[in-house]
Amino acid sequence: MNIKMIVSDIAGTVIVDKDYVAIAFIEAFMHEGIDLDIDVIRSLMGFKKTEAITAVLKANKAYISEVQVNRIHDSFQQLMTSFYSSTHELEPLPGVEEFLQMALEKNIIVTLNSGFPKVIVDVIVDRLGWLHNGWIKSTIASDEVANGRPHPDMIIELMKRHQIDHSASVLKIGDTMVDVQEGLNAKCGLVVGVSTGAYTYEKLLQYNPDHVIRHFDQLKMLIWPS
């Protein structure tokens, strides 16, 4: 398979997420007097965060205003930015950095996309140092396009940036339902779910990716089988 570009999700896919994102969501909603179960939040992982917030408010039959959505989003953003700026627990998942080095040696463009806003993505990537050492070529966040996942806008924009003419040469990998749907909607040549984040192996299978893997090392066997 002639893969020219990889589009990977971030939290739960290439970096460890021990419910850090869900906990920040819960705390942001608590400021509004809304208590949430963590399983509710897990089901919304991968979505553009303003859309996830709106979905939670609707499910709780709360009055929805743009001001409230933005207030919750601002609180979540501040919590996550502070966390990723200071925590010692920001770490790559096993096998990820070895894979990125191999992709660089094979001249494959690796990019990251996320349901996070850009300010959070920038903090994560800056601390990892992956742009500086060339392991990834660019990033894109959900607030940089008109439509977040499952729409294919982020993948289409990354293709334009890197002069990729055909989505058949793009691999999309992520740990959520909307990662898989995003890749399918973009008609990527390979769509892979990874069970290191929000969704289990069995749950990801329900959304019909081309493959589901349990470890990033398995990705090497899919695209470089020999």
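**Entry 1: helix 4 and helix 6**

I began with helix 4 and helix 6 (residues 118-128), which pack at an angle of about 5° with their axes 9 Å apart. That makes helix 4 roughly parallel to helix 6; the word covers angles under 35 degrees, while over 145 is roughly antiparallel, 65 to 115 roughly perpendicular and the rest oblique. My axes are lines fitted to C-alpha atoms, for helices over the stretch in contact, with angles from 0 to 180 degrees between N-to-C directions. Helices (H or I, at least four residues) and strands (E, at least two) are DSSP runs numbered from the N terminus.

For the contact (heavy atoms within 4.5 Å) I noted Phe 76, Gln 77, Met 80, Thr 81, Tyr 84, Ser 85 and Ser 86 of helix 4 against Val 119, Ile 120, Val 123, Ile 124 and Arg 127 of helix 6. The contact of helix 4 with helix 6 has 7 nonpolar, 4 polar and 1 charged residues. Here Ala, Val, Leu, Ile, Met, Phe, Trp, Tyr, Cys and Pro count as nonpolar, Asp, Glu, Lys and Arg as charged, and the others, Gly among them, as polar.

**Entry 2: what I am looking at**

This is a predicted model, where local features need pLDDT of at least 70 and side-chain atom pairs count only at pLDDT 80 or more, while totals for chains, interfaces and linings use all residues. Residues are numbered from 1 along each chain as its sequence is written, and side-chain values use heavy atoms, with hydrogens and water left out.

**Entry 3: helix 1 on helix 4**

Next I looked up helix 1 (residues 20-30), which packs on helix 4 at about 140° with the axes 9 Å apart. Helix 1 and helix 4 are therefore oblique to each other. I found Tyr 20, Val 21, Ala 24, Phe 25, Glu 27, Ala 28 and Phe 29 of helix 1 meeting Ile 72, Ser 75, Phe 76, Leu 79, Met 80, Phe 83 and Tyr 84 of helix 4. By class, this contact of helix 1 with helix 4 holds 12 nonpolar, 1 polar and 1 charged residues.

**Entry 4: helix 3 on helix 4**

The axes of helix 3 (residues 49-59) and helix 4 (residues 66-86) come within 10 Å and cross at roughly 120°. Helix 3 and helix 4 are therefore oblique as well. Lys 49, Thr 50, Ile 53, Thr 54 and Leu 57 of helix 3 touch Gln 68, Val 69, Ile 72, His 73 and Phe 76 of helix 4. I sorted the residues of this contact of helix 3 with helix 4 into 5 nonpolar, 4 polar and 1 charged.

Most residues other than glycine have a negative phi, and most peptide bonds are trans. I noted a cis peptide bond joining Arg 149 and Pro 150, with omega about 10°. Pro 150 lies in the loop between strand 3 (138-141) and helix 7 (153-161). Asn 107 has a positive phi, near 60°, and lies in the loop between helix 5 (96-105) and strand 2 (109-114).
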